[in-house]
Each structure stands twice: as C-alpha cells, then as structure tokens.
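Visitor: I have a chain open on my screen and would like to talk it through. Could you walk me around it?
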Amino acid sequence: MVKTLEVYAMATDPIYIGTGGYNIGRVDNTIVRDPITNIPKIPGSSLAGTWRYYVVLEALKDLKGKQPSFDKIKNQSGNTIAEKLKNYNWNNSQPNGWKGFVGNQILKISCAGQDDAPQLERDDENNTGHCGHCIVCKGFGFSKKDISWQGMIFFSDLNILFFPVFTMKGTKWITTASILKEIKINESLPEENKIKTKNGNEGHLNLGWLYLEVSGSHNINDSQISNFSIKSEDIIIVSESLFSHIVNSNLEVRTSVSIDPITGAAKEGALFTSEAIPRGTIFYGSIRIFNKEFGELDSKIEPLPTADDLEQALKDSAHYYESLGIGGMTTRGFGRLKIQLINGNSQTGGSQDEQPNQ
C-alpha cells in the first residue's frame with residue numbers, strides 16, 4: 001500500500017535554502033538546519049514544491065496542443081466535470097502512461113505552486129488555481145471550497161550523507177557511523193576526536209582547519225558506494241560530535257553587493273553575505289507513495305493515479321533539477337542537483353544513463 005523510493009542527490013552547485021530574513025552572526029543570510037544536530041539540510045517541503053512544478057512542466061511538454069477547451073469538456077456526457085473528463089475521447093491524441101491520466105485534459109501550469117483561488121469550488125468556471133482533477137493535484141494534494149485532498153506523495157528531508165572537505169590529500173568526503181547505517185553500511189565509531197580513513201596509516205590529517213589523528217581504517221568498499229561516484233579511499237569517518245562542527249566550518253560563504261543602476265557602482269550599505277551547502281555534497285532521503293486503495297474514498301476524488309504512475313512521473317521529471325535546481329539564487333550559480341531514485345534493486349531517475357559527477 002505504501003511504496004518507498006530512496007532518494008540520493010549530489011549538489012553540482014552550492015545549495016541555498018534560506019531561513020528567511022537576516023540574522024546577526026557569521027553571515028547575513030543563513031540556511032536551514034536540523035534543530036537537533038545543527039546540520040544543514042534540504043527540507044522536504046522544498047523538495048515537494050519544486051518537484052510538483054517539475055511534474056507539471058514534464059506533463060505539459062506532451063499535453064500542449066492536445067488539451068480540449070473547457071467548453072468542450074462541459075459538452076461531454078455526465079453530471080459532473082469528473083464524469084465528463086472520464087467520457088472525453090482524445091481521438092488517438094491521448095499521451096501514453098501517466099501523462100494520459102483522466103483529468104490531465106485540464107492540467108495547467110497553475111496546478112503547480114500555491115493555489116490562488118482556494119475559496120472557489122474546483123469546477124467553478126472562474127477557478128484559476130489548482131484544477132483538483134489532474135495527476136499533479138491528486139498526487140501532491142489540493143484544497144478547494146468543496147473538497148480538500150491530502151495527496152499521495154510524502155517527502156522526507158534530504159540529509160547530508162557525505163560532505164566534501166579540503167585536506168592536504170585532496171578533497172575527501174566525511175560521514176559518521178550512524179549516517180552510514182542509513183544506507184546499510186555498518187562501521188564502528190572512531191575514537192573520540194579521531195578519524196578513520198581507508199588506509200588508516202596517515203598519522204594525522206587536516207579537515208579544513210582541524211588537524212586530527214587517524215586512529216584506524218574503515219572497511220567500506222567501492223561496491224557499497226557505487227551509486228555516488230566517489231571512491232572508498234576518499235571517505236573519512238569522523239565522530240558524531242565532530243561532524244556538525246566540521247560541516248558548519250566548511251560551508252561556502254559568498255559576499256554580494258547591490259549595484260546602483262544610476263552610477264553603476266556598489267550601493268553603500270548594501271553588502272551582504274550568504275552561506276550555502278557546497279557542491280559535491282551528497283544527500284539522502286525518501287519518498288513514500290500511499291496509493292490509498294482502501295475502497296472507502298469519496299466518489300468525488302476518483303479516479304486516483306496508481307503508485308506506479310506517480311513513481312514514473314517523479315522519475316521522468318527529476319532531470320529538471322539538473323538545469324533549474326532548487327532553493328534560492330538559482331540564477332546566480334546556486335541550486336543544481338543530480339537526483340537518483342532507487343526502488344529496491346531498480347535504479348532510475350535524473351540522467352537515466354549516467355551517475356552524478358563530482
């Protein structure tokens with residue numbers, strides 16, 4: 001009844017998911033952190049919002065020019081718009097797969113983003129917001145005056161799995177024993193304030209400005225991390241207490257300034273700094289698809305898309321993260337991700353035939 005997809009993502013640009021507003025501290029514009037660990041993350045709400053938009057873009061790519069007018073839908077047989085949509089004949093122009101879902105005849109760009117007409121019923125002729133019938137509205141949820149629907153897709157936060165840090169031996173990716181358990185790799189903790197490397201014989205190694213003793217070797221092999229395009233020799237296990245400090249000390253910080261359009265020079269007092277998760281960071285999370293096949297649904301919400309259709313919609317649209325990205329400042333060098341969706345032993349999504357690059 002609940003299908004789970006594992007999500008892995010590599011940042012190909014710095015990622016900025018702001019907390020909103022300004023803060024007194026190291027930088028002006030801070031990013032979202034887990035309140036328990038103080039480690040930056042990509043919130044599930046950011047992932048859900050962007051993915052909803054990207055599914056709409058992917059659907060409209062094939063639906064453009066094939067969707068009937070609303071008047072034509074109203075002339076179909078049936079007592080409600082839902083019944084009329086079921087009875088509509090595409091005349092051999094129906095797209096294949098999830099793009100041909102009943103209700104996609106009236107899918108529109110406003111089905112992404114915030115609904116600007118939640119006070120109207122979904123079949124109101126003046127409804128300019130979510131249509132409430134297409135695969136996007138039923139998959140991600142909607143709320144209208146006459147009916148609200150939670151949706152079927154549930155997103156978790158994307159947490160850091162491997163974090164890149166510059167060392168005297170080149171770039172290495174740090175992680176912890178507890179994080180590795182999330183991807184079913186069992187490793188013991190290093191001694192307090194010490195680290196474990198693949199070789200375990202470096203003596204000491206710097207992680208940014210920290211200079212730490214190497215206490216031993218880990219047993220991670222390349223096949224266990226083949227999804228991430230990094231080598232086991234580049235992985236360093238640090239203690240749980242050090243991980244947050246190392247991550248927060250090695251975030252990217254950018255200084256920006258507003259330009260006066262009249263003088264072409266920097267505006268006085270307009271200097272500001274922003275922090276971001278650096279490129280090369282690898283994240284993990286999950287998506288659950290609840291197909292709600294319990295037979296007691298309100299007839300007004302039927303038909304529902306299948307879990308397989310929603311899974312394919314997510315996979316087909318994941319490539320937009322590689323060009324349009326997520327978060328803020330995506331027009332200024334931030335935000336791009338390469339995403340992989342893994343379901344059991346199958347593995348697809350993003351660029352279907354390539355792994356994320358470092």
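Guide: What follows is a conversation about this predicted model, moving from the whole chain to particular residues.

Visitor: How many helices and strands does the chain have?
Guide: The secondary structure comes to seven helices and 15 strands, and the C-alpha atoms fill a box of roughly 80 × 60 × 35 Å along the principal axes.

Visitor: And what share of the residues is buried?
Guide: Of the 358 residues in the chain, 50% are buried.

Visitor: Which residues have the most contacts inside the largest nonpolar core?
Guide: That core has 97 residues, and those with the most contacts inside it are Trp 51, Phe 162, Ile 174, Ile 287, Leu 314 and Leu 337. The largest share of this core, seven residues, comes from α1. As background, nonpolar side chains in soluble globular proteins tend to be buried together.

Visitor: What does Ile 287 touch, leaving aside its neighbours in sequence?
Guide: Once neighbours within four places in sequence are set aside, the contacts of Ile 287 include Lys 3, Leu 5, Trp 51, Phe 154, Leu 314 and Leu 341.

Visitor: Back to α1, then: what do its buried residues pack against?
Guide: They pack against α4, β4, β13, α7 and β14; among the buried residues of α1 are Leu 47, Trp 51, Val 55 and Ala 59. The 20 residues of α1 should span 28 Å at 1.5 Å a residue, and its end C-alpha atoms are 28 Å apart, which agrees with that expectation.

Visitor: Is Tyr 53 in that helix buried or partly exposed?
Guide: Tyr 53, which is found in α1, counts as partly exposed because its relative accessibility is 36%, and a residue has to be under 20% to be called buried. Together with Ile 109 and Leu 324, Tyr 53 makes a nonpolar surface patch of about 260 Å².

Visitor: Switching to charges, how many salt bridges does a search of the whole structure find?
Guide: The search finds 17 salt bridges. One of them joins the side chains of Asp 13 and Arg 336, at 2.7 Å from N to O, and this pair links distant parts of the chain, with Asp 13 in the loop between β1 and α1 and Arg 336 in the loop between α7 and β14, 323 residues apart.

Visitor: Which of those two partners is buried, and which is partly exposed?
Guide: Asp 13 is buried, because its relative accessible area is 10%, whereas Arg 336, with a relative accessible area of 35%, is partly exposed.

Visitor: What does Glu 58 form a salt bridge with?
Guide: Its partner is Lys 61, with the closest N and O atoms 3.2 Å apart; both residues lie in α1, three residues apart, or about one turn of the helix. Glu 58 counts as buried, since its relative accessibility is 5%. Elsewhere, salt bridges that share partners join Lys 3, Asp 308, Glu 311 and Lys 315 into one network.

Visitor: Last topic, the backbone: where is the cis peptide bond?
Guide: The bond from Glu 302 to Pro 303 is cis, with omega near 0 degrees, and Pro 303 has its place in the loop between β13 and α7. For context, most residues other than glycine have a negative phi, and most peptide bonds are trans.

Notes: Residues numbered from 1 in each chain as written. Predicted model: local features only at pLDDT ≥ 70, side-chain atom pairs only at ≥ 80, totals over all residues. Heavy atoms only, no water. Patch = residues over 30% accessible without salt bridge, like charges linked within 9 Å, V, L, I, M, F, W, Y side chains within 5 Å. Areas by Shrake-Rupley, 256 points an atom, 1.4 Å probe, with all protein chains shown as cover. Salt bridge = Lys/Arg side-chain N within 4 Å of Asp/Glu carboxyl O. Helix = DSSP H or I, 4+ residues; strand = E, 2+ residues; numbered from the N terminus. Buried < 20%, exposed > 50% of the residue type's maximum accessible area, 1.4 Å probe, protein only. Expected span 1.5 Å × (residues − 1). Contact = heavy atoms within 4.5 Å. Core = buried A, V, L, I, M, F, W, Y, C linked by side-chain atoms within 4.5 Å.
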